[in-house]
Amino acid sequence: MPKMEPKQIQKELETGKIRSVYWFFGSERMKSRELVKRIRAKVFGEEAGDDAGGFAQGGGFSIFATSFRETVLDAADCEVSEVLDSAQSLSLGGGGKLVIVKQAHLLKHPEPLIELCASEFADIGSGASVTVFLSKDLDQRKKFSKALLEKAACVPCEEIPEQDREAWVGYLAKRKGLTLSEPETASLRAMDTWSLDHVERELEKIEAVARTEDREAVLLGGAEGKNASENFVDAFFHRDGPVALAEVPHFATSPESALPLLGLLGWNVKMLISLLKDQDAGTRESKLGSFMAERFGRYAKFWTLAEAIHLSKSLAEVDFSTKQTSRDPLGFWTALVLQHARVSK
């Protein structure tokens with residue numbers, strides 16, 4: 001069978017269908033973790049919990065269920081034979097059994113595992129086992145992988161593409177009952193190390209101060225840093241040097257403000273370059289919502305593609321200076337503005 005999407009697995013589980021073997025692969029651990037919660041719920045006959053059409057929140061499971069009907073193995077410390085023994089043995093106390101194999105990509109000579117795929121779906125009522133493999137990848141060049149794709153549910157849980165990150169930020173915020181401002185959304189979308197788990201942690205910080213007036217300070221390093229960052233970004237991309245220069249002292253000497261701002265600037269430049277490439281080539285490859293398309297359309301009037309690419313390199317130099325040198329931050333931020341914005345009209 002072809003690779004399956006997480007939503008397909010969710011729909012199957014909602015209708016009571018549980019496959020005998022799942023192979024989840026990719027770097028987005030939240031996706032695989034939430035799918036495992038749903039599978040565990042079905043195997044143990046519990047409710048996983050749900051939210052507005054998305055991933056499960058998790059459910060309560062008895063000590064008996066998790067102790068006697070679930071086996072967790074780490075491929076770094078076990079052999080294929082141990083996986084087979086666990087999956088093919090009866091659970092204590094009857095009922096279905098769940099076997100989870102972490103770091104499955106480390107299994108040596110995994111070919112015998114195809115035996116577990118003899119039945120496409122597991123009959124939990126008769127005490128069948130469900131085996132879930134968690135792997136960083138699925139090397140489709142290997143004979144085992146090809147057989148796995150034919151017989152098991154292989155589900156990519158891969159890094160979220162740039163164009164889909166804003167939607168995921170909004171989804172995770174909605175799940176927490178949060179309504180994000182545009183600066184908050186932009187900061188979360190532009191984080192350097194991006195993963196759903198990282199976004200979740202940042203949202204937890206916002207949630208903790210959701211009733212204060214300085215929510216955005218969590219992401220932008222203080223109320224003063226927040227306002228300065230917003231003003232700087234807008235002035236800088238409109239190439240308004242005097243306004244941008246006036247904001248530099250408010251954030252340049254504070255890493256808590258400067259580093260998130262660098263990430264935000266980097267993301268804006270990436271989107272600007274994508275839009276300018278589209279304009280030059282007459283294509284529509286950039287994936288921007290109407291609001292963001294309008295914003296970057298305004299920015300694009302002030303930049304050429306060559307200038308935006310040069311700016312990207314300059315931001316990399318500022319990032320290096322901020323993290324790796326003792327240079328005066330006021331100096332290199334001022335130099336950035338003088339180099340790329342107009343200081344006289």
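Predicted model: local features only at pLDDT ≥ 70, side-chain atom pairs only at ≥ 80, totals over all residues.
Me: How much space lies in the largest pocket?
Reply: On a 1 Å grid over the protein atoms alone, a pocket is an open set of points where a 1.4 Å probe fits, with protein on both sides within 12 Å along at least five of seven lines. Points are joined across faces, edges and corners, and the volume is the space filled by probe spheres set on them. For the largest pocket that gives about 480 Å³.

Me: Which residues lining the largest pocket are closest to its centre?
Reply: A lining residue has an atom within 4 Å of a grid point. The largest pocket has 21 of them. Those closest to its centre are R29, S32, Q103, L134 and S135.

Me: How many residues in the lining of the largest pocket are charged?
Reply: Ala, Val, Leu, Ile, Met, Phe, Trp, Tyr, Cys and Pro count as nonpolar; Asp, Glu, Lys and Arg count as charged; the others, Gly among them, count as polar. The lining has 7 nonpolar and 6 polar residues. Its charged residues number 8.

Me: Is Q103 buried, exposed or partly exposed?
Reply: Q103 sits in the loop between β3 and β4. Its phi is positive, about 50°, although Q103 is not a glycine. Buried means under 20% relative accessible area, exposed over 50%, partly exposed in between (1.4 Å probe, protein chains only). At 34%, Q103 is therefore partly exposed.

Me: What is the relative accessible area of H109?
Reply: H109 also belongs to the loop between β3 and β4. H109 has a positive phi of about 50° and is not a glycine. H109 counts as exposed because its relative accessible area is 66%.

Me: How far apart in space are T131 and R19, C-alpha to C-alpha?
Reply: T131 lies in strand β4. T131 is buried, at 1% relative accessible area. T131 and R19 are 112 residues apart in sequence, but their C-alpha distance is 8.6 Å.

Me: Within what arc do the buried residues of α6 fall, seen down its axis?
Reply: Helix α6 (residues 165-175) buries R165, W168, V169, L172, A173 and R175. The arc is that of the directions from the helix axis to the C-beta atoms. These residues line one face of the helix, because they fall within an arc of 160°.

Me: Which exposed residues does the face of α6 turned away from its buried side carry?
Reply: After α6 comes G177, with a positive phi near 75°. The face turned away from the buried side of α6 carries two exposed residues, A167 and K174.

Me: What is the angle between the planes of F236 and W303?
Reply: Phe, Tyr and Trp rings (for Trp the six-membered one) pair if their centres lie within 6.5 Å; planes under 30 degrees apart are stacked, over 60 edge-to-face, the rest tilted. F236 in helix α10 (residues 223-237) and W303 in the loop between α13 (290-300) and α14 (305-324) are 67 residues apart. F236 is buried at 0% relative accessibility, and W303 at 5%. Their pair is tilted, 6.2 Å centre to centre, with planes at 40°.

Me: How far from the ring centre of W303 does R239 lie?
Reply: A charge sits over a ring if NZ of Lys or CZ of Arg is within 6 Å of the ring centre and within 35 degrees of the ring normal. R189 has its charged end over W267, 3.5 Å from the ring centre. R239 lies over the face of W303, at 3.9 Å.

Terms used: Residues numbered from 1 in each chain as written. Heavy atoms only, no water. Helix = DSSP H or I, 4+ residues; strand = E, 2+ residues; numbered from the N terminus.
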